[in-house]
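Student: I would like to learn how to read a structure feature by feature. Can we go through one together?
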Amino acid sequence: MKAAVIDQRGEMPQYRDFPDPVVHNENELLITMKAAAIKHFDKGRASGKHYSTENDKQNATVIGGDGVGVLADGTRVFALGVSGMMAEKAVIDKRKMVRLPDGIDDAAAAALPNAVAGSAMALRFRANMQSGETVLINGATGFTGKIAVQIAQHFGAKKIIVTGRNPKTLKSLLDLGATEIISTAQDDETFIKQLKDIHSHTPIDIIIDYLWGHTAELILASLKGNGSYTHKTRFVSIGSVTGDKIELSAEHLRSVDLQLSGSGLGSWTNDEVRLLLSEILPEMFQLVVDNKLKVETIKVSLSDIGNLWKMEVTDGKRLVVTI
Ligand SMILES: NC(=O)c1ccc[n+]([C@@H]2O[C@H](COP(=O)([O-])OP(=O)(O)OC[C@H]3O[C@@H](n4cnc5c(N)ncnc54)[C@H](OP(=O)(O)O)[C@@H]3O)[C@@H](O)[C@H]2O)c1
């Protein structure tokens, strides 16, 4: 079969021939692939920098962690891959697939789940979001952030404050459900002041963070208390686009009722992952079919993978390899 292959972690993927994957047990199925999204997760794994690759051996491997394909009986599914998914064929675990409704295209169905995992899982399980709460999304102009805005609204957020760098995309978030926009491309003092003003009028219940680094420091600084009890804020780290480390003083932590957590592969329980596959993703796919959730993709060909791998997409769309 043809596939996107890396021989060593850190190399650029190449479009080339690769042996067909083989089913090893009764839970595995062979599928014909239709689409797989190029996400930070796939790039992190291919480079060997993602924490989930720590114990991986360095062999030639097909890239792509998930995608959309068709089972032997014609059923179209989204699935997590046992083998790499940017290929004509892949092996999946039948316990980790979701049947797709008609009316959602392959590219949208391939792109959406990672963003749902990076938003709904954090809102529902790490932050225990309740209807009527105020949510701040840091880095909302990215693909996952745009989905997070819409899911926060779907979960009943009263107010959705969003930050971002690209002014055009930031403004467009108002059409997706955001109620206030704050630019990250301004001086630190103004950024903190805007946040403090909002927090004093409408206390922020949940912060969903895709950036970490300097903006996370500024957001945490804006919450700092002055000695009397503060509103409880649940901060959930989901990504670290602008830096993996921050400085946070213990005194600052003691000055505020802050719950600091992260959402990702290592923080979800098996039950939460089961719910993702059995309830959350089917609901989200249906929202797309019903035009209540907007998913923006750019379709590209598997044979172009070498050229596309390092391409930056700047307006919150997702590159999806179609096969
Ligand atoms: N833990 C999970 O389950 C999970 C799931 C999905 C994603 N993630 C992580 O979440 C993060 C975001 O993912 P994504 O899919 O939204 O990525 P994306 O579509 O590539 O978006 C990147 C975001 O980062 C912003 N950005 C980049 N450089 C910046 C800078 N120097 N200053 C300020 N903002 C900057 C972009 O802002 P502009 O567009 O405004 O320039 C955009 O909002 C990634 O780290 C990803 O790995 C985690």
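Student: Which residue stands opposite Thr61 in β4?

Tutor: Ile6 stands opposite Thr61. Keep in mind that this is a predicted model.

Student: How do I read strand pairing in general?

Tutor: Strands of a sheet pair through backbone hydrogen bonds, and the pairing is either parallel or antiparallel. Here, strand β1 (residues 2-6) and β4 run antiparallel, joined by two bridges.

Student: What is the strand order in the open sheet?

Tutor: The order is β2-β1-β4, three strands with antiparallel pairing. β2 (14-17) and β4 (61-62) are at the edges. Each has a single partner strand, so one side of each has no neighbour in the sheet.

Student: Now helices. How is a packed pair described?

Tutor: Two numbers do it: the angle between the axes and the distance between the axes. Take helix α2 (residues 106-117) and helix α4 (residues 143-154): they pack at about 70°, with axes 9 Å apart. That makes α2 roughly perpendicular to α4.

Student: Which residues make the contact?

Tutor: α2 supplies Leu112, Ala115 and Val116, while α4 supplies Phe143, Thr144 and Ile147. By class, the contact has five nonpolar residues, one polar and no charged.

Student: Which residues come nearest to the ligand?

Tutor: Of the 28 residues around the ligand, His40, Gly118, Thr141, Gly142 and Gly239 come nearest. The elements giving two or more residues to this shell are α1 (40-47), α2 and α4. The shell has 19 polar, eight nonpolar and one charged residues.

Student: Why does the ligand lie between the two domains?

Tutor: Domain 1 (2-113 + 295-322) and domain 2 (119-262) both give residues to the shell, so the ligand lies between them.

Notes. Residues numbered from 1 in each chain as written. Predicted model: local features only at pLDDT ≥ 70, side-chain atom pairs only at ≥ 80, totals over all residues. Axes fitted to C-alpha atoms, helices over the stretch in contact; angles between N-to-C directions. Helix = DSSP H or I, 4+ residues; strand = E, 2+ residues; numbered from the N terminus. Parallel < 35°, antiparallel > 145°, perpendicular 65-115°, else oblique. Contact = placed C-beta atoms within 7 Å. Nonpolar A, V, L, I, M, F, W, Y, C, P; charged D, E, K, R; others polar. Pairing = 2+ DSSP bridges. Near = placed C-beta within 6 Å. Domains from an automatic or database assignment.
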